[in-house]
Amino acid sequence: MTGQAIREFAPAKVNLSLNVGPLQADGYHPVDSLVVFADWGDVIFAEPAPEGLHLSVSGAHAAALESEAENLVLKAAYALRAAAGRPELSARIVLEKALPVAAGLGGGSADAAATLRALCHLWELDFGARQLAEIGSVLGSDVPACVYSRPLLMRGRGERVSPLLAWPDLHGVVVNPGVPVATGPVFAAYDKTEPQALVPGAMPIAGHGDAAVTLTAALKNDLQTPAIAMVPEIGTVLDALEGLPGCRVARMSGSGASCFGLFDDEPDARTAADEVAAQNPSWLVQPVKFASALV
Ligand SMILES: C[C@](O)(CO)[C@H](O)COP(=O)(O)OP(=O)(O)OC[C@H]1O[C@@H](n2ccc(N)nc2=O)[C@H](O)[C@@H]1O
Ligand SMILES: Nc1ncnc2c1ncn2[C@@H]1O[C@H](COP(=O)(O)OP(=O)(O)OP(=O)(O)O)[C@@H](O)[C@H]1O
């Protein structure tokens, strides 16, 4: 990459809560989810190229990805070019893949959203966040949320996002047991559990961390029980998090297998992360801050 490269952070998405309604005719489920983003994620670099769209992938989890043509980064680049009506636009893109793949952290969606932001800048296109979210919504249900990458409510099948203006920073630990989980089969397993009609949640208001953690503790993830039935390691991770001193909430994110624990402050979260990592050396354990000013 040259000095002209645009850098965009692609933070991990965590669903603090996830209510899921019954399967709709379009093959998707209505959701109501309180979503936050971590100071941990992938990075996208984009720079000018003489012609075409080119991607190279590096980083700890690069090997888990399929062909470059299937990568959501290139799909996002093509979608943006089409939306702009400018097929001649070109770029060289590098993805540094730090997030585990198929982990419930929205990594592919985060990469797609970061690509939209980076190329919009590189190509000097006049699209705002709302338009980028709309362009990205066909690539994945989590892409609109990832375009904003700040605390928000996600509704519809993921395409309706409402950023939360007064949600505080929170400290936590994200743990992934190393078992990839495909999203579709977890929703399908949920369908066998007689889903209830979705009751829209109220707009959460929590000006300080303690109120936000208390509010989060009262919520749930409807996919957690079916996911644990499919992947028992998720239950083991939740038991480990719940047993840590100072853990106020332990829950699965998205369709799993990643889970998070919330703690009162950063030192508590770091101590807990060290302890769970020491006891489970094969797990990916990451202390994080869920923050608003990430992208
Ligand atoms: C579980 C969440 O991560 C929560 O944020 C999202 O709802 C899923 O987001 P995603 O991974 O971007 O999902 P997509 O790639 O759009 O969809 C994968 C599959 O999950 C199922 N799916 C996804 C989203 C949704 N609201 N209802 C669904 O039933 C569908 O079977 C779909 O074919
Ligand atoms: N850049 C990318 N990063 C991750 N996965 C990608 C990417 N491009 C394509 N994919 C494909 O997308 C699928 C989902 O991967 P991802 O890591 O986004 O899952 P996830 O974290 O479970 O997502 P979600 O939380 O949105 O359900 C995988 O099968 C993967 O091969």
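By class, the shell around ligand 1 comprises four nonpolar, 13 polar and two charged residues, where Ala, Val, Leu, Ile, Met, Phe, Trp, Tyr, Cys and Pro count as nonpolar, Asp, Glu, Lys and Arg as charged, and the others, Gly among them, as polar. The model is predicted, so that local features need pLDDT of at least 70 and side-chain atom pairs count only at pLDDT 80 or more, whereas totals for chains, interfaces and linings use all residues. Residues are numbered from 1 along each chain as its sequence is written, while chains are lettered from A and ligands numbered from 1 in the order in which they are written.

**View 1. The surroundings of ligand 1.** Ligand 1 is surrounded by 19 residues, the closest being Tyr28, His29, Gly140, Ser141 and Gly254; a residue is near a molecule or strand if its C-beta atom, placed from the backbone, lies within 6 Å of it. The elements that contribute two or more residues to this shell are S1, S2 and H5, and H5 gives the most, with three residues. Helices (H or I, at least four residues) and strands (E, at least two) are DSSP runs, numbered from the N terminus. Because domain 1 (6-163) and domain 2 (170-290) both give residues to the shell, ligand 1 lies between them; the domain bounds come from an automatic or database domain assignment.

**View 2. The surroundings of ligand 2.** Around ligand 2 there are 21 residues, of which Leu72, Gly107, Gly108, Asp111 and Gly254 are the closest. Helix H1 (72-84) and helix H2 (107-122) are the elements that give two or more residues to the shell, with H2 giving the most, four residues. This shell has eight nonpolar, nine polar and four charged residues, and at least three residues come from each of domain 1 and domain 2.

**View 3. Pro100 and Ala103 in an annotated stretch.** The UniProt annotation "binding site", from an unreviewed entry, covers residues including Pro100, Ala103, Gly107 and Gly108; UniProt positions are given in the numbering used here, feature names are shortened, and annotations may be inferred rather than shown by experiment. Pro100 lies in the loop between strand S4 (91-96) and H2, and Ala103 is likewise placed in the loop between S4 and H2. Pro100 counts as buried because it has 23 C-beta neighbours inside 10 Å, and Ala103 counts as buried because it has 26 (buried means that 20 or more other C-beta atoms, placed from the backbone, lie within 10 Å of the residue's own; exposed means 12 or fewer, and partly exposed is in between). Leaving aside neighbours within four places in sequence, Pro100 is in contact with His61, Leu105, Asn176 and Leu284, and Ala103 with Asn176, Ala257 and Ser258; contact means that two C-beta atoms, placed from the backbone, lie within 7 Å.

**View 4. The contact between the domains.** The centres of domain 1 and domain 2, taken over C-alpha atoms, are separated by 22 Å. Their contact takes 28 residues from domain 1 and 35 residues from domain 2. On the side of domain 1 that touches domain 2, strand S1 (6-20) and strand S2 (31-47) are the elements giving two or more residues, and S1 gives the most, with eight residues.

**View 5. The buried residues of helix H5.** In helix H5 (residues 183-191), the buried residues are Val186, Phe187 and Tyr190. They are on the same side of H5 because they cover an arc of only 100° around the axis, the arc being that of the directions from the helix axis to the C-beta atoms. The buried residues of H5 pack against S1 and helix H7 (224-230).
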